[in-house]
Amino acid sequence: MENTVVFNLELARNIIRSEGGSVFLLDLDDIIVDNDKLTVTARVNENHLNTEGVVQGGILYTICDQAMALYDIASGRRGIGTDGSIHHYRPAKAGDVLKAVVSNRKCGRTTSTYLVELYNQSGKLIADAMFTSFYGRNS
């Protein structure tokens, strides 16, 4: 029997409303939960582009990383990221509205593994990433 995740969306929404840090710079918005998945929207702007006119890969990684952290926080755990990797499939451009869909692949006592799938406004997969979170004594 699978556990159902109980999310504290107000806590996660307060984090993305705060003015400071990467959450503010990434223009994250609109947290939605459906079937134990958390979705965060990110709006791409000119500041996110590289010299080729597409979104810098590190920005996409950071969107995925931040979405995973919001899942962790909203589900009542405070982990520390221990590793992450990303696969890029399509470019993102200024004006795109990206959706980061986070699912918990394995939730253990001291670690969790997350899959984040990043889609554009047309529903095309831009990238996916895997992350591991470690929970210490204060989690």
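## Overall architecture

Of the 139 residues of the protein chain, 35% count as buried, where buried means under 20% relative accessible area, exposed means over 50%, and partly exposed covers the range in between, computed with a 1.4 Å probe on protein chains only. The structure is a predicted model, in which local features need pLDDT of at least 70 and side-chain atom pairs count only at pLDDT 80 or more, while totals for chains, interfaces and linings use all residues. Residues are numbered from 1 along each chain as its sequence is written, and side-chain values use heavy atoms, with hydrogens and water left out.

The protein chain has three helices and six strands, and along the sequence these elements follow the pattern α-α-β-β-α-β-β-β-β; helices (H or I, at least four residues) and strands (E, at least two) are DSSP runs numbered from the N terminus. Among contacts between residues at least 6 apart in sequence, 60% join residues at least 24 apart, a contact being heavy atoms within 4.5 Å.

Asp128 lies in strand E6, which spans residues 125-134. Asp128 is buried yet has no salt bridge, and the nearest side chain of opposite charge, that of Arg105, is 9.1 Å away. For this assignment Lys and Arg count as positive and Asp and Glu as negative, with His and the chain ends not counted, and a salt bridge is a side-chain nitrogen of Lys or Arg within 4 Å of a carboxyl oxygen of Asp or Glu. The side chain of Asp128 does have a polar contact of 3.1 Å with the side chain of Tyr89; such a contact is a pair of N or O atoms within 3.5 Å, where within protein one atom must be able to donate a hydrogen and the other to accept it, and residues adjacent in sequence count only if both atoms are side-chain atoms. Neighbours within four places in sequence aside, Asp128 is in contact with Ser85, Ile86, His87, Tyr89, Leu115, Val116 and Glu117.

Asp96 is found in the loop between strand E3 (80-88) and E4. Asp96 is likewise buried without a salt bridge, the nearest side chain of opposite charge being that of Lys93 at 7.3 Å, although the side chain of Asp96 reaches the backbone nitrogen of Lys93 at 2.9 Å. Beyond four places in sequence, the contacts of Asp96 are with Ala42, Arg43, Val44 and Gln121.

## Leu98 in strand E4

Leu98 is found in strand E4 and is buried, with a relative accessible area of 0%. Residues up to four places away in sequence are not counted in the list of residues that Leu98 touches, which includes Val40, Leu60, Ile63, Leu118 and Ile126. Leu98 and Val40 are 58 residues apart in sequence, while their C-alpha atoms are 8.3 Å apart in space.

## Aromatic rings

A search of the whole structure finds two aromatic pairs, where rings of Phe, Tyr and Trp (its six-membered ring) pair if their centres lie within 6.5 Å, with planes under 30 degrees apart counted as stacked, over 60 as edge-to-face and the rest as tilted. The rings of Tyr71 and Tyr114 have centres 5.2 Å apart and planes at 65 degrees, so this pair is edge-to-face. Because Tyr71 lies in helix H3 (residues 57-74) and Tyr114 in strand E5 (residues 111-119), the pair ties together parts that are 43 residues apart in sequence. Both Tyr71 and Tyr114 are buried.

The charged end of Arg77 sits over the ring of Tyr135, 3.6 Å from its centre; a charge sits over a ring if NZ of Lys or CZ of Arg is within 6 Å of the ring centre and within 35 degrees of the ring normal.

## Partly exposed positions

Asp83 lies in strand E3 and counts as partly exposed at 44% relative accessibility. The C-alpha atoms of Asp83 and Thr132 are separated by 5.5 Å, although these residues are 49 apart along the chain. With residues up to four places away in sequence not counted, Asp83 touches Met130, Phe131 and Thr132, and its side chain has a polar contact of 3.4 Å with that of Thr82.

Thr110, in the loop between strand E4 (97-107) and E5, is partly exposed with a relative accessible area of 29% and touches Ser133, Phe134 and Tyr135, residues up to four places away in sequence not being counted. Asn50, in the loop between strand E2 (37-43) and H3, is partly exposed with a relative accessible area of 27%, and a polar atom of the Asn50 side chain lies 2.8 Å from the backbone nitrogen of Glu52.
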